[in-house]
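Open the model in your viewer and keep the selection panel at hand.

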Amino acid sequence: MSEFDMAVIQPEMIKSYIWLQTADGSIQQVEQEVAMFCPMICHEIIQKGMGSSKTYAISLPQRVNPCMLSLILDYCRFHQVTGRSNKERKSFDEKFIRMDTKRLCELTSAADSLQLKPLVDLTSRALARVIEGKTPEEIREIFHLPDDLTEEEKLEPLKNSTDDPRIRLLNRLYARKRKELKEREHLKNVETEEEHVDDRSVEDLLSFINGGNGDSKVLKTSKSKKKNRRRKEQQKNASVDESIESQGKDSNGLNSVCNGTGVDKLHPHPGETSTLPDVEDDTFPHKVEFDDGDIDDEIDPALKEKIDREVEDFARRLNSDWPERMQEILSLGQEGRPVNENGSLRRYAST
Amino acid sequence: MGDSSNQDLISDLPQSIIESILTRLPLRDAVRTSLLSSKWRYRWATLTHLVFDEDCVTLSNDRALFEDKLINFITRALFLHQGPIHKFQLCTSYLQSCPEIDQWILFLSRKDIKELVIELGESEWIRAPSCLFKCKKLIRLELFRCELDPPPTFKGFLCLKNLNLYQVFVASDAIESLISSCPLLESLSLSYSDSLTLNIYAPNLKYLCLEGEFKDICLQNTPLLIVMSVAMYMTEDIAEHMQQSSSCNFIKLLGSVPYLERLIGRIYFTKYLSIGDDRGRYPVTYSHLKIIELYQVSFEDMKEILVVLHLITNSPNLVELQISGSSNTLTAMEATDLDFWDKECPSPCLFDRLKVVKMTEMSGVPHEMEFIKFLLESSPVLEVMSIMPCPSVMDGRLNMLIELVRFRRASARAEIVFIQC
């Protein structure tokens, strides 16, 4: 063929091609009409004149890897043809969407970055079908979601949780189990804290050792300190209406008050007593956070008054609910609660 | 807990996609995603489309308990919600009217609500609270079985395009001023709001659907109307009241709808149209009217036949015609004015575009047959004429067929299909 002939034939034979570059650097050629189906590519070609040659290849967004690009181009290639019936398109879509969930998510992401709305709608619908009707565990499994909610947060929202008190009880037990596990890790920290505290009362200890039966009060208070701390830690992460613990702690506080000792022991309590609002529902639990080292020597009189009032208040409340609480204690007593608490409770009751 | 080898597939997709997925889930499943992981805890709470129904809560035999659960679910969902709510739909027959509805609507009025659909159980009607009229951004409103009483200070829903009131108790002037104060109204549907006198002033109205007993309907200003569907229920006294007035119903209803493309009339529609003084005053040509469906046309009433004839002869581009008869066979059989068809019927009339004709509930009475004959003679491009006799007519069918076979056809392609039932 002469050059003249070629020049005549070629313009009709040539389809326009567009150059696309994916994030990993690979470049490929795609028929222009197919690529133009994606609004983002369309924009690049028309507004910025890119894509006409290898050097000016259109850089695709990072979420579009070569595998996704080829899927998307398959989709575009089918749908950009105008003559197809709705039925044909629908049946193509149904077949197209059959892939594993991981690819489906990647495809959704890639289609979104190319602004290809019909494909985003299609994949969203497919993902919704995957999620629908499954339990949270199944969904977490499919999408590799971390199981990082507390048991409380896992209570089904919008359900009236007071419907079933056993759920709340179960929830408390689970929470406590987990905390016990965590506590073992924290035990080291606790011990260093105890040492720190013990430093202060070294003279007391010495005088006790030297003086014989001296400050039984002191022993009691340091014991109660330990109890307080442990209780505080449990309190930290447990739900508010763990009434037993709060009672136990409070009665310890009362003990300290009665003994008239260590002002510093009282300090943990104000924070703790004030965390006992009249909350019956645990739908929106009140999280209590303390630092272990938050034990001061001073306590100002106003605060002391406040503490006293709150303690009295709580005492009154305890009295009225006593028979009920007794039941609860007894049933939970079998769960291996520290004997001290029960013991101290009884002491309180007798006063 | 944190295994980076199995990377989270979905939580980092853009919010718009997550919303797109959550919107396609039934609301209960969408809310449950808050149990998946910390990232998902409140993702459902920004959904802008909330669709509630009885599937939101577990079924229960105790009806009162079920209602309570559902009410609680809706209230808490709204309470936990963040951001605007564009669509709120509550359709369930398991919930009757409850006082909480007022608070829900008040809440929604503060959340830029655009589409509101409420359909509850049938035993009680809702009383629409006044805060409903403060939803300034409403685009679509659908209410079933409620009492509507717009306050005097109400200036209209300026964005409303779609209004659907089904069994709504509202005064005539209230509904009239509601319609006229919604300048963008495109689609209006009023069903079974009894005994209304309506003057419809809606310059942008395209779709109109009226169903029920109306004392009077006048389309005062609906120049852009495309589809009209009217099911006219009439009692005797309404008919009498109308006879006495001199205004022509045909003109009131069809006098100023030049762009009409599809007309559907049911029950007493043709009778309604036939009432009134109409001597020769038919200025309108319906050049866009392509489909006419008229049901319960009584062929023993000459006036109704005239209405039908007038309609079809003023619609030069009519493509499809469907007529369903309802003739009292005894009276109709004694038709005396059959010569009308030879004398007065516009003879060189041609339906140049008419392709499909469906006649149903035919009793074979003389006027019906004459009408069919007229159509066959005047439709040069007719393709199908299908005739379905009334199920109760058994004996007359053979006669009908004998007559049909004899009729001349202007269209060589015309098929006459006699459907046995």
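Two strands count as paired if DSSP finds at least two bridges between them. Strands (E, at least two residues) and helices (H or I, at least four) are DSSP runs, numbered from the N terminus. This is a predicted model: local features need pLDDT of at least 70, side-chain atom pairs count only at pLDDT 80 or more, and totals for chains, interfaces and linings use all residues. Residues are numbered from 1 along each chain as its sequence is written, chains are lettered from A and ligands numbered from 1 in the order in which they are written, and side-chain values use heavy atoms, with hydrogens and water left out.

**Stop one: a sheet in chain A**

Select residues 17-21 of chain A. This is strand S1, joined to S2(A) by 5 bridges, and the two run antiparallel. Pick A:Ile18; its bridge partner in S2(A) is A:Val30.

Now show the whole sheet. It is open, has 3 strands in the order S2-S1-S3 (chain A), and its pairing is mixed. Strand S2 (27-31) and strand S3 (58-59) of chain A are at the edges with a single partner strand each, so one side of each lacks a neighbour in the sheet.

Next, select A:Gln29, in strand S2 of chain A. (Buried means under 20%, exposed over 50%, partly exposed in between, with a 1.4 Å probe and protein chains only.) Beyond its neighbours within four places in sequence, A:Gln29 is in contact (heavy atoms within 4.5 Å) with A:Tyr17, A:Ile18 and A:Trp19.

**Stop two: the interface**

Show both chains. Here 37 residues of chain A are in contact with 33 residues of chain B. The two chains bury about 3200 Å² between them, 67% of it on carbon and sulfur atoms. (Buried area is the accessible area, 1.4 Å probe, that two parts lose on being put together, summed over both.)

Zoom to A:Asp121 and B:Arg24. They form a salt bridge, with the closest N and O atoms 3.6 Å apart. (The cut-off is a side-chain nitrogen of Lys or Arg within 4 Å of a carboxyl oxygen of Asp or Glu.) The count between chain A and chain B is 1 salt bridge.

**Stop three: chain B**

Colour chain B by secondary structure: 13 helices and 16 strands. Of its 421 residues, 51% are buried.

Finish at B:Met228. Setting aside neighbours within four places in sequence, its contacts include B:Leu208, B:Leu254 and B:Arg262.
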